[in-house]
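Keep the picture open while you read, and look for each residue as it comes up.

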Amino acid sequence: MLVFRLPDSEVFHTLENSSEKQVSFVSFDSKTVLDFKGSIKEISKEDIENCNVAPKNKSSLIEIGKETCDSYAIKINQAKDFIEKNELKKLVLSRRKLLMYLDIDSQKKLSLTKSFLKFCDNYPSAFCYLFEKNNEIWMGGFSEVLGKFDKKTNSFETMSLAGTLPLDESWTDKEIEEQKAVTEYIQSILRKFSSNLKVSSTKDLISGNIKHLKTDFSAEISPESLDKIISELHPTPAVCGFPKELCAQGIKSIEHFKREFYAGYIKVETEDFVYYFVNLRCASFFKNYAFLFVGGGITLKSDAQKEWEETELKSLAIQNNLVFE
């Protein structure tokens, strides 16, 4: 079962049985690909609500005991040591936040379909999805586009998105430098595939209770270059760091859990476009608990307490939209 909604749309979609591969979820390390086959068709809110999505299994990876600000601070310091030792600009560190349903409501049960619809209402500009397959249930959505390819014009669009603050705070050098690194990285890749690259000015992107810095790119490319561009873009410095091979090693040594589909991407192919969405605000669901995946860019200027608060803010994107009834 898969339901999703494209950004800035009020139409919901699912897949109808066919052999066509239309939607794929790719893990952060690109080693796992979950394909959904079928032709894309519209589905009503009422039909979504009537879908039976009930997590029954337990994760074999559950770590009893919630991560604390202090334990996360240790990982922040490890990341800063790795940055300094390897002369990096930043390393993206993530958390897998354990959320027990009893901590939210001990009397009612979680409705994932209503949670999905509420999430869509509160994040109208995001790509949003809910799926159940192979005993896995994931829900998420985010506004970051890894790529969008127009089959008719051969136009390719992407964005650099980095830096996170509450809406009422002003940007500092830390966030500006973080976003600049992502922008420079994407520019260097796209220039290899196109001679007419266009780059926008950097603007704020509002996402619920927080904001990011965003720069847009567009270029005309050869259709044969599309897969190569995506493989070079993913994972971007916004979800990993740069150089990505070295940063991926650092992430693995510090985080001690698999990111799974978090910070991977979702490919959606329609008649006219091929979309690639970064899978950031997401969670995996089980019978009595969920894992909320969040993260942030760490630099030598990072403050552990502020980084913790940033991840807590990001986790509310999912947590505040869970519906119990």
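Start with His256, which is exposed, with a relative accessible area of 59%. That counts as exposed because the cut-off is over 50%. To find His256, look in the loop between H6 and strand S13 (265-269). Its backbone is worth a look too: phi of His256 is near 65°, which is positive even though the residue is not a glycine. Keep in mind as you go that this is a predicted model.

You'll find Asn154 in the loop between strand S8 (145-150) and strand S9 (155-166). Is Asn154 buried, exposed or partly exposed? With a relative accessible area of 22%, Asn154 is partly exposed, because a residue has to be under 20% to count as buried.

Now for some peptide bonds. The bond from His234 to Pro235 is cis, with omega near -10°. Another cis bond joins Phe242 and Pro243, and there omega is about 0°. Where does Pro235 sit? It lies in the loop between helix H5 (226-233) and helix H6 (244-255). Pro243 is placed in the loop between H5 and H6 as well.

Next, the helices. Two packed helices are described by the angle between their axes and the distance between the axes. Here is how that works out for helix H2 (residues 69-86):

| Helix pair | Angle between axes | Axis distance |
|---|---|---|
| H2 and H6 | roughly 150° | within 10 Å |
| H2 and H7 (residues 304-319) | about 115° | 9 Å |

Take H2 with H6, where the axes cross at roughly 150°. Angles over 145 degrees count as roughly antiparallel, and H2 and H6 are therefore roughly antiparallel to each other. The crossing of H2 past H6 is right-handed. On the H2 side, the contact is made by Lys75, Gln78, Ala79, Phe82 and Asn86, while H6 brings Leu246, Gly250, Ile254 and Glu255. Sorted by class, the contact of H2 with H6 has four nonpolar, three polar and two charged residues.

Then there's H2 with H7, at an angle of about 115°. That makes H2 roughly perpendicular to H7. H2 passes H7 in a right-handed crossing. Here H2 uses Cys69, Tyr72, Ala73 and Ile76 to touch Ala304, Gln305, Glu307, Trp308 and Thr311 of H7. Split by class, the contact of H2 with H7 has six nonpolar residues, two polar and one charged.

**Stepping back**

Finally, zoom out to the whole chain. How many helices and strands does the protein chain have? Its secondary structure comes to seven helices and 17 strands. Along the principal axes, the C-alpha atoms fill a box of roughly 50 × 50 × 35 Å. For 325 residues, a compact globule would have a radius of gyration near 20 Å, and the 19 Å of the protein chain agrees with that. Buried residues make up 53% of the 325 residues. And of the contacts between residues at least 6 apart in sequence, 71% join residues at least 24 apart.

Notes:
Residues are numbered from 1 along each chain as its sequence is written. This is a predicted model: local features need pLDDT of at least 70, side-chain atom pairs count only at pLDDT 80 or more; totals for chains, interfaces and linings use all residues. Side-chain values use heavy atoms; hydrogens and water are left out. Helices (H or I, at least four residues) and strands (E, at least two) are DSSP runs, numbered from the N terminus. Buried means under 20% relative accessible area, exposed over 50%, partly exposed in between (1.4 Å probe, protein chains only). Axes are lines fitted to C-alpha atoms, for helices over the stretch in contact, and angles run from 0 to 180 degrees between N-to-C directions. Angles under 35 degrees count as roughly parallel, over 145 as roughly antiparallel, 65 to 115 as roughly perpendicular and the rest as oblique. A crossing is left-handed if the near helix is turned anticlockwise from the far one by less than a right angle, and right-handed if clockwise. Contact means heavy atoms within 4.5 Å. Ala, Val, Leu, Ile, Met, Phe, Trp, Tyr, Cys and Pro count as nonpolar, Asp, Glu, Lys and Arg as charged, and the others, Gly among them, as polar. The radius of gyration is taken over C-alpha atoms; the globule rule is 2.2 Å times the number of residues to the power 0.38.
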